[in-house]
Amino acid sequence: MTALSAIVPRPDATQDPAVLARRLSAAANSLDLFERVAAAREAIAGPLVFTTSFGLEDQTIGHAILSQNLDIDLVTLDTGRLFAETHDVWAETERRYGRRIQAVVPERAALESLIEAQGANGFRASVAARQACCHVRKVELLNRALEGAAGWITGLRADQSQHRAEVSFAEVDSARGLIKINPLFDWTRERADAFTREHDVPVNTLHAAGFLSIGCAPCTRAVQPGEPERAGRWWWEDEGKSECGLHANPLHMAARKVLEESALESAKS
Ligand code: SF4
């Protein structure tokens with residue numbers, strides 16, 4: 001038995017996910033980042049997927065996973081609208097750790113229909129149109145990336161925004177039927193920045209230019225000192241809409257899908 005096994009739950013496919021999540025969250029407080037991802041791997045029976053956008057937080061977690069060679073799948077959602085700098089850090093990360101990171105790309109027919117309906121940058125027309133684009137280029141990809149997964153590791157931090165204030169280490173994602181692991185739930189951005197420097201982790205060069213949260217190029221801008229971290233995402237929308245649906249409250253997902261479908265329909269008509 002490893003030292004970790006003494007404090008984290010043993011893998012047990014029959015265990016109540018809510019109980020497992022509570023026990024993992026309780027254990028997290030005494031674990032460092034390396035131990036947190038190892039604990040998740042040890043406690044969750046079945047495939048574990050880490051989705052990375054190669055931002056500061058994801059590079060931090062990626063280092064903890066890759067430097068320990070953990071049996072965790074690394075996947076990125078290649079929306080087709082990412083920055084060249086994001087592709088650069090993706091390639092640099094693969095070189096540094098000697099491991100391929102799997103890309104999931106938009107489904108061809110859905111993407112062609114979206115572009116036909118909206119045009120190249122139709123996502124700026126309305127919140128619903130933007131959500132439709134995010135669905136085709138991101139959410140549907142995530143759904144495929146997580147097919148068959150028992151756990152999903154993300155780079156969410158509780159202090160990133162009001163939407164994320166309730167994030168804990170381990171949560172049940174009942175809509176997806178898995179346990180969601182947020183190893184940086186109690187970290188600050190400064191701590192992640194210090195970690196990447198300490199461990200010489202490759203980071204996106206856009207961070208140094210004021211891009212704090214980096215997503216698709218047309219929907220991301222640099223922020224000014226003092227602006228909220230996610231203010232550079234979909235800045236033309238009302239405050240509070242700075243989420244793309246990947247981490248939506250499951251209770252809101254069905255309503256959002258209806259919105260997206262109606263946006264697509266009205267754009268076609
Ligand atoms: S972030 Fe922008 S370009 Fe990327 S999927 Fe969403 S709306 Fe489309």
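Predicted model: local features only at pLDDT ≥ 70, side-chain atom pairs only at ≥ 80, totals over all residues.
Local features are described where pLDDT is at least 70, side-chain atom pairs count only at pLDDT 80 or more, and totals for chains, interfaces and linings use all residues. Numbering starts from 1 along each chain as its sequence is written.

The protein chain holds 8 helices and 6 strands, where helices (H or I, at least four residues) and strands (E, at least two) are DSSP runs numbered from the N terminus. Read from the N terminus on, the elements follow the order α-α-β-α-β-α-β-α-α-β-β-β-α-α.

The 6 strands form an open sheet with mixed pairing, in the order β3-β2-β1-β4-β6-β5; two strands pair if DSSP finds at least two bridges between them. Strands β3 (102–104) and β5 are at the edges with a single partner strand each, so one side of each lacks a neighbour in the sheet. From one strand to the next, the twist averages 30°; here axes are lines fitted to C-alpha atoms, for helices over the stretch in contact, and angles run from 0 to 180 degrees between N-to-C directions.

Strands β1 (residues 48–51) and β2 (residues 73–77) run parallel and share 3 bridges, with Thr51 partnered by Val75 in β2. Helix α6 (residues 127–145) packs on the sheet and touches β1, β2 and β3, its direction making about 165° with that of β2. Contact here means that the C-beta atoms of two residues, placed from the backbone, lie within 7 Å.

Elsewhere in the sheet, β6 (residues 178–181) is joined to β4 (residues 151–153) by 3 bridges in the parallel sense. Strand β6 also pairs with β5 (residues 170–173), antiparallel and through 4 bridges, and Val172 has Ile179 as its bridge partner. The hairpin of β5 and β6 has 4 residues between the strands, and Gly177 takes a positive phi near 70° there.

Turning to the ligand, 13 residues surround it, the closest being Cys133, Cys134, Arg137, Cys216 and Cys219; a residue counts as near if its C-beta atom, placed from the backbone, lies within 6 Å. The shell comprises 7 nonpolar, 2 polar and 4 charged residues, with Ala, Val, Leu, Ile, Met, Phe, Trp, Tyr, Cys and Pro taken as nonpolar, Asp, Glu, Lys and Arg as charged, and the others, Gly among them, as polar.

Over the whole protein chain, 72% of the contacts between residues at least 6 apart in sequence join residues at least 24 apart.
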